[in-house]
Amino acid sequence: MPSFPERLSDGLTLVVLLCCSYFFIRRVVLARMRAISSLADYLVLALVGVSFLSGYLAYHQIFDYQSTITIHMLSGELMLMAIPFTKMTHMTFFFFNRFMVIHEHTLGRGERVW
């Protein structure tokens, strides 16, 4: 099976963890983000962060491997189950929106086709 090199995987994992930290701090610090944030937003962000962090820790065997891989698998499964019911659905519909809904970022003439 093809896979990424270890250094690239570690780097991408750290990028995701930094992005999760950035979005958490942004939601806490900015008043306009805090006003529209709900508990579900924080839980989804934590779920994504825990999934990547536990995978990183399990791979490098920083803590007890059996515990961290169990947390990694459970958080990954919870994240997959949460996709249809949370704002993570936006990632699946991103490409549909990009080409179907006409606005300033669309690759098209700017007229609606529906």
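**Entry 1: what covers helix α3**

I began by looking up what lies over the buried residues of α3 in this predicted model, and I found that the cover includes α1, α2 (31-36) and α4 (65-82). The buried residues themselves are Asp41, Val44, Leu45, Leu47, Val48, Gly49, Ser51, Ser54, Gly55, Leu57 and Ala58. I then checked the length of the helix, and α3, with 21 residues, reaches 30 Å from its first C-alpha to its last, close to the 30 Å expected at 1.5 Å a residue. After α3 comes glutamine 61, and I noted that its phi is positive, near 50°.

**Entry 2: aspartate 41 and its partners**

Next I turned to the charged residues, keeping in mind that side chains of opposite charge can pair when their charged atoms come close. My search gave a count of two salt bridges. In one of them aspartate 41 pairs with arginine 27, with the closest N and O atoms 3.8 Å apart. Because aspartate 41 lies in helix α3 and arginine 27 in helix α1, this pair ties together parts that are 14 residues apart in sequence.

Is aspartate 41 buried or exposed? I found aspartate 41 to be buried, with a relative accessible area of 10%, and arginine 27 also counts as buried, at 17% relative accessibility.

Lysine 87 forms a salt bridge with aspartate 41 as well, and there the closest N and O atoms are 3.2 Å apart. Lysine 87 lies in the loop between α4 and α5, whereas aspartate 41 is in helix α3, so this pair ties together parts that are 46 residues apart in sequence.

**Entry 3: threonine 68**

I looked up threonine 68, which has its place in helix α4 and is buried, with a relative accessible area of 7%. Its side chain reaches the backbone oxygen of aspartate 64 at 3.1 Å. Leaving aside residues up to four places away in sequence, threonine 68 touches Ser54, Leu57, Ala58 and Phe63.

**Entry 4: aromatic pairs**

Searching the whole structure, I found two aromatic pairs. One of them joins phenylalanine 24 and tyrosine 42 edge-to-face, at 6.1 Å centre to centre and 75° between the planes. Phenylalanine 24 is partly exposed at 43% relative accessible area, and tyrosine 42 is partly exposed at 24%.

**Entry 5: confidence**

Last, I checked pLDDT, whose mean over the chain is 86, with 84% of the residues reaching 70 or more. Confidence is highest in α1, at 95, and lowest in helix α5 (residues 89-100), at a mean of 72.

How values were computed. Residues are numbered from 1 along each chain as its sequence is written. This is a predicted model: local features need pLDDT of at least 70, side-chain atom pairs count only at pLDDT 80 or more; totals for chains, interfaces and linings use all residues. Side-chain values use heavy atoms; hydrogens and water are left out. Rings of Phe, Tyr and Trp (its six-membered ring) pair if their centres lie within 6.5 Å; planes under 30 degrees apart count as stacked, over 60 as edge-to-face and the rest as tilted. Buried means under 20% relative accessible area, exposed over 50%, partly exposed in between (1.4 Å probe, protein chains only). Helices (H or I, at least four residues) and strands (E, at least two) are DSSP runs, numbered from the N terminus. The expected span of a helix is 1.5 Å times one less than its number of residues. Contact means heavy atoms within 4.5 Å. A polar contact is a pair of N or O atoms within 3.5 Å; within protein, one must be able to donate a hydrogen and the other to accept it, and residues adjacent in sequence count only if both atoms are side-chain atoms. pLDDT is the predictor's confidence in each residue, from 0 to 100. A salt bridge is a side-chain nitrogen of Lys or Arg within 4 Å of a carboxyl oxygen of Asp or Glu.
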